[in-house]
Amino acid sequence: MIGYPNVGKSTLISRISNAKVEIADYPFTTIVPNLGVVKVDTDYSFVVADIPGLIEGAHLGKGLGDQFLRHIERCSILVHLIDISCFERDDPVEDYINIRKELESFSHILLKKKEIIVANKIDAVDKDTLEKRLTDFKIERVKIFILYLLILVKTFKSS
Ligand SMILES: Nc1nc2c(ncn2[C@@H]2O[C@H](COP(=O)(O)OP(=O)(O)OP(=O)(O)O)[C@@H](O)[C@H]2O)c(=O)[nH]1
Ligand SMILES: [Mg+2]
């Protein structure tokens, strides 16, 4: 799982896997990658990695980004988490493009990896705003999924 700091990567890994992580409402809470095992059923599980937040200049080592990008090279699928609430930055499409630029600048291998793009913090915006921001992705021909998963998984885990 990749994305800017504070977009909710650790929250997600804590809900879907057995990882014990720190979650807080400020950037750079996670400073080393967290690994967790997602148990799908008795025969199938997979490992998910919560990568510390990436920022512009990551490929040059800013915010230790080069180390994290190297870790991403070992992952088979990228889940690119986007904060759709715009509390911290005002253009989610630009966020997406910026992180893709960091991947590309570090290695073309990263850019070719399968990527699932996910809009997070959808609860923090009204319906019309959410639709407008999702349309912005459509215009750029970027397929984005919406994360409603957290509450469901939480319910499932506690039952
Ligand atoms: N409203 C809302 N807040 C969320 C959601 N997911 C995460 N958060 C909050 O966003 C803040 C940051 O969450 P983290 O999971 O620590 O974010 P992160 O991407 O791991 O951050 P770094 O470790 O700094 O890269 C916390 O206060 C979370 O409670 C969501 O779906 N909706
Ligand atoms: Mg984190």
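Predicted model: local features only at pLDDT ≥ 70, side-chain atom pairs only at ≥ 80, totals over all residues.

Tutor: Most residues other than glycine have a negative phi. Is L64 buried, exposed or something in between? Its relative accessibility is 43%, so L64 counts as partly exposed, between the 20% and 50% cut-offs.

Now hop to another loop, the one between β3 and α3, where you'll find C86. Phi of C86 is near 60° too, again a positive value in a non-glycine residue. C86 has a relative accessibility of 17%, and because buried means under 20%, it counts as buried.

Next, let's look at the helices and strands that flank these loops. The largest nonpolar core has 24 residues, and I2, I51, L54, L69, I72, L78 and L103 are the ones that touch the most other members. At least two residues of this core come from each of α1, β2 (45-50), α2 (65-73), β3 (77-83) and α3 (92-106). The biggest contributor is α2, which gives three residues. Take I72 as an example: leaving out residues up to four places away in sequence, I72 touches I2, I51, L54, L78, L103, L110 and K113. There's another core apart from this one, made of 13 residues, including I117, A119, L130 and V142.

Helix α1 leads us on to ligand 1. In the shell around ligand 1, the largest share, three residues, comes from α1 (residues 9-16). That shell has 20 residues, of which K9, T11, F28, T30 and D123 come nearest to ligand 1. Sorted by class, the shell holds eight nonpolar, eight polar and four charged residues.

At V7, a polar backbone atom is 3.1 Å from an oxygen of ligand 1. At G8, a backbone N or O atom lies 2.9 Å from a ligand oxygen. At K9, the side chain takes part instead, with an N or O atom 2.7 Å from an oxygen of ligand 1. How much of the ligand does the protein cover? On its own, ligand 1 exposes 660 Å², and the protein buries 84% of that.

Key:
Residues numbered from 1 in each chain as written. Chains lettered and ligands numbered in written order. Heavy atoms only, no water. Near = heavy atom within 4 Å. Polar contact = N/O pair within 3.5 Å; in protein donor to acceptor, adjacent residues only side chain to side chain. Areas by Shrake-Rupley, 256 points an atom, 1.4 Å probe, with all protein chains shown as cover. Helix = DSSP H or I, 4+ residues; strand = E, 2+ residues; numbered from the N terminus. Nonpolar A, V, L, I, M, F, W, Y, C, P; charged D, E, K, R; others polar. Core = buried A, V, L, I, M, F, W, Y, C linked by side-chain atoms within 4.5 Å. Buried < 20%, exposed > 50% of the residue type's maximum accessible area, 1.4 Å probe, protein only. Contact = heavy atoms within 4.5 Å.
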